[in-house]
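Please look through the structure below slowly, with the sequence beside it, before reading on.

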Amino acid sequence: MSDLESKKNKIKNTGLTIVKKIFSIQEVSIIIPVLALLILATIINPMFVHPLNLAAIARRMSMWGLVAIGEALIILTGNFDVSVGAMVAFICVFFSAAGAIWQLPLIVAILLSILLAITMSTISGFCIVKLKINPILTTIAMAFICRGLSKALTNAHFVVFAPAKGSEGFLKFGQAEPLSLSWNFFIFIAFIIIFQIILKKTDYGRKLYATGDNSNVARLAGINTDIIKISTFIISGTLIGIASVLLVAKEAVGSSNYGTGWEILAIAAVAIAGISLVGGAGSMIGLLIGVIMMQCIYNILILLQINQHMQSILLGVIMILSVIIDLKRRNRILGSKLE
Amino acid sequence: MVFEKSKAKVEKNERSFLARIFSIQEIGILIPAFLLILLFYFINPVFLSAANILSVIKVLAFFGIIAVGETLVLIGGDFDISVGSQAGLGAVFSGFLMLKTSCFGLSNTPYEWIGVVVCIIITLAICSIVGFLNGYLVVDLKLPAFVVTIGTMWVVRGVVMVVTSGKTVYPLPQSFLNICNVQVPVTKIGDQVVGISMPFILFLLLIIVFEILLRRSKFGRNIYATGSNREVAKLSGINTRKVRYMNYVIVSIFSALSGVMVAAFMKQGHPVIGEGWEMLVIAGCAIGGATLTGGVGSMIGTIIGVFIINIVNNGLVIVGISSFLQQTVQGVIILIAVYIDIFRRNQKIRA
């Protein structure tokens, strides 16, 4: 009798713990608000779940999603970069000018652009890690520098990208819509998977987490934290370069206005993803969910025909909210650890 | 023997006097300032003409008034990036209020100025709400000031844009323009009388008042104590929460005031007023010796820092560098300024 009861209890308990375990996986706790948001959006405007709209969301998010991956790695090691949007503008303008004005061969232009992005990003990283200048100040200054350069390069006009002969396929590649998505989307997903594997399975990934969690302890454990931190900036620069080249391939124009607000989208996606804004926790799958969520919010705003200026208010509110969410989550994790 | 000793003593005194002069932080900042002035003067002598100096002073006052508040915030160990947006809010909101209420029905009457003053006071009160909001987020919710004030910067700028739908607010009442554009005449260029503008006089007054308050009053000592070690300050009975809230509200009011002055100067409330100012203000404070970790800084340093920033801005125009590249140069200057700050602090620790 009591045996049976205890068995029953045990089953009940394991059932509960399974539910508890599922909910304690960070990614699941992020998915629930996303689902709620999707349902809400569908109720507000049934057009939201139209396949064409969903495909548009997927295409749009992969643009800045690439940049968000780099931002996530930087934040993972306890730094910050608010210059990514301006850097995208600069690289886009540079790449367009390289193709249209200086008539460089396509491959050279692409490589030069990515190299330039890496250089700019590494300068930020060097100032932050080696010269110990505050990350936000450094990257705001870098944003000034990049926006200024991109405007100076174009006199604040558009630069129409015209590829050299024999490489018209490049624009076709950028504007193609395989499965009514874009190649950009598949590249984004591929990078998410690659970095998820790097973070979870490799030595380098473990070093990233260790550096972000406690830089001093990591250094004492023999990790060269300076190199690790700068390496995240190099990766971020590479991704910014790739994203910019793809953006120009899609739009066929370079403008100094590109990338406005991308840093906020990226940081908010990172915060939603459960990547702690002080470093040391989070995953790429979480980031993917965060990116989807941010793009859905943006899409809903467009469907609701909210005016553009209102959107800047909402971006600001999202920024503040994401910091609050991050803080609450950190407190909760801290609380559960103390228990 | 005794003579030698006293000689050594005198020598030592002299050296320490010299050392003391050079150890005053503000002197150290003046040297690059002079070098910059000389450089621009040699490239283009117009740089030191009376008209140009007066125009530098006029523009400088707008940044300077905000920098006074930002210095307080920095000394108190906090940070505010939303000041530029708040200046925009002040500029647009005051103009909006004067137009919509036609100065509370006093427009085009001899008492118009009363309506104008009331409108300005209401604007400052409204803008101080932003300060309270920043204070609440940073002080009470304990969120990182850097990130959160970027958020409020976007929100406030968005509010400005929504209120005006991106258009300028004009025509502003004549007495408003008269009040804010009063100037002490200095010279005459052609038919135009140019002089020291009202905002600059106000800026100097604020600098003097707050320098005295910081050095001599309990208010100032509390700010320094809060900034250098918050926990210790709290334990010694200082209401650090009140001090930090007050700093945020003061910087909001000063930003709005600066915005109002710019609106009067430009004769219109333009919604992009104040865009990008936050970094120039912070760079000015940092050059002037206010550290970004709190507890250090002075108004005298800030006034020199603001001067340097404006000398560079003006010099770039005089030398003829493209206005787009100026943004880039500003970015570089900010980086150098903040690095100087860190370098100086490291040396002090070593000493």
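In this predicted model, 20 of the 20 residues of α6(A) are buried, so this helix is largely enclosed by the rest of the structure; a residue counts as buried if 20 or more other C-beta atoms, placed from the backbone, lie within 10 Å of its own, as exposed if 12 or fewer do, and as partly exposed in between. Helix α6 of chain A covers residues 135-154, and its 20 residues reach 28 Å from the first C-alpha to the last, close to the 28 Å expected, where the expected span is 1.5 Å times one less than the number of residues. Helices here are DSSP runs of H or I with at least four residues, numbered from the N terminus. Just after α6(A), Asn155(A) takes a positive phi of about 55°.

The contact between the chains takes 33 residues from chain A and 35 residues from chain B, two residues being in contact if their C-beta atoms, placed from the backbone, lie within 7 Å. On the side of chain A that touches chain B, α6(A) gives the most, with 13 residues. That side divides into 24 nonpolar, 6 polar and 3 charged residues, where Ala, Val, Leu, Ile, Met, Phe, Trp, Tyr, Cys and Pro count as nonpolar, Asp, Glu, Lys and Arg as charged, and the others, Gly among them, as polar.

Val56(B) is partly exposed, with 19 other C-beta atoms within 10 Å. Leaving aside residues up to four places away in sequence, Val56(B) touches Asn310(B), Ile311(B) and Asn314(B).

How confident is the prediction for chain B, in mean pLDDT? Chain B averages a pLDDT of 83, and 89% of the residues score at least 70; pLDDT is the predictor's confidence in each residue, from 0 to 100. Within chain B, confidence is lowest in helix α1 (residues 2-23), at a mean of 58, and highest in helix α12 (residues 240-266), at 93.

Residues are numbered from 1 along each chain as its sequence is written, while chains are lettered from A and ligands numbered from 1 in the order in which they are written. Because the model is predicted, local features need pLDDT of at least 70 and side-chain atom pairs count only at pLDDT 80 or more, whereas totals for chains, interfaces and linings use all residues.

Conventions
Helices (H or I, at least four residues) and strands (E, at least two) are DSSP runs, numbered from the N terminus.
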